[in-house]
Amino acid sequence: MSWEGTLSEKQNRPHRIAFLGTGLMGAPMVRRLLAAGHRVAVWNRDLAKAQALASDGAEVAETAAAAVAACDIVFTMLTDGKAVEAVLFDGGVAEVLTKGAVVIDASSISPLIARDHSARLEALGLRHVDAPVSGGVVGAEAGTLAIMAGGDADVIDELSDVFAALGRVTHVGPSGAGQICKLANQQIVAITIGAVAEAMMLVEAGGASREKFRDAIRGGFAESRILELHGARMVMRDFTPGGPSKLQLKDLNAVNEMTGLFSLDLPLTEQVRQAFSDFVAGGGGDMDHSALLLHLEAMNTAPSGEEK
């Protein structure tokens, strides 16, 4: 029986899924899959993070290769392309997967790396979908993630019941297209965070309340999820990481790589990338990316004569 036939037969039925990487985003995604009735085996480099999901019904594996045994679907939600490669290939996952299984990489990695992984998995008789997500921890918990999927449209369609547990999936093009769309998403997020932060500083300097300013413009043309969620973080000055600044910088550096490849000049993106680079270098890497506000505030309070 073909893989396509197998998927169609299993559509809208519980799947046997392995989820590799159960950090800030991975853990709530696993809970959503479990709540939808799927069997989920989990692995994380820090095993305690995987074991925390046992009470939700997840099966905890001590190695990534052990987690994927007998699974027809494998999710990866890892830090970067090197981590994904280490787990899939160096960690033996690809070797033990049954031919026809599909690897769904929800990590944010370079489109070039995603295409390379797809080709290498295809050579082993495996399917690959690059499906990075947007919506943060809040979206992962609520099952409202925006999922940008690159790869075979038929496979993505036949996995719609799995994606439905996590959010809204859109097939955006061939292999690597999901990752390029995620980078574009991260451009918008980073630039908007910078814009909201600078606006907060302007209104306070002019004698207005940051909190009331945010309330006043809600529902207008400046409304956005960034204003709603990160604007609130800025008002409350609560920068507990949902999306760490070091990962925002990682994505902006990947955008910079693509601009060179495509001979593009993206000045706004480059300015905010440099701001995040300075912030991370100064020790802000583990703070939420909305904490870019602190970097911009520090620039504006530098003693006279110092470079701002």
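Two strands are taken to pair if DSSP finds at least two bridges between them. The views below show a predicted model.

**View 1. Strand E1 and its pairing with strand E4.** Strand E1 (residues 16–20) is joined to strand E4 (residues 73–76) by four bridges, and the two strands run parallel. Within this pairing, Ile-73 of E4 is the bridge partner of Ile-17.

**View 2. Strand E1 and its pairing with strand E2.** Five bridges link E1 to strand E2 (residues 39–43), again in the parallel sense. Here Ile-17 lies opposite Val-40 of E2.

View 3. Because five of the five residues of E1 are buried, the strand is largely enclosed by the rest of the structure.

**View 4. The packing of helices H11 and H14.** Helix H11 (residues 177–205) packs against helix H14 (residues 245–262) at an angle of about 115°, and their axes are 9 Å apart. The crossing of H11 past H14 is left-handed. H11 contributes Ile-180, Leu-183, Gln-186, Gln-187, Val-189 and Ala-190 to the contact, while H14 contributes Gln-248, Asp-251, Leu-252, Ala-254, Val-255, Met-258 and Phe-262. The residues of this contact comprise nine nonpolar, three polar and one charged.

Conventions:
Residues are numbered from 1 along each chain as its sequence is written. This is a predicted model: local features need pLDDT of at least 70, side-chain atom pairs count only at pLDDT 80 or more; totals for chains, interfaces and linings use all residues. Side-chain values use heavy atoms; hydrogens and water are left out. Axes are lines fitted to C-alpha atoms, for helices over the stretch in contact, and angles run from 0 to 180 degrees between N-to-C directions. A crossing is left-handed if the near helix is turned anticlockwise from the far one by less than a right angle, and right-handed if clockwise. Contact means heavy atoms within 4.5 Å. Ala, Val, Leu, Ile, Met, Phe, Trp, Tyr, Cys and Pro count as nonpolar, Asp, Glu, Lys and Arg as charged, and the others, Gly among them, as polar. Buried means under 20% relative accessible area, exposed over 50%, partly exposed in between (1.4 Å probe, protein chains only).
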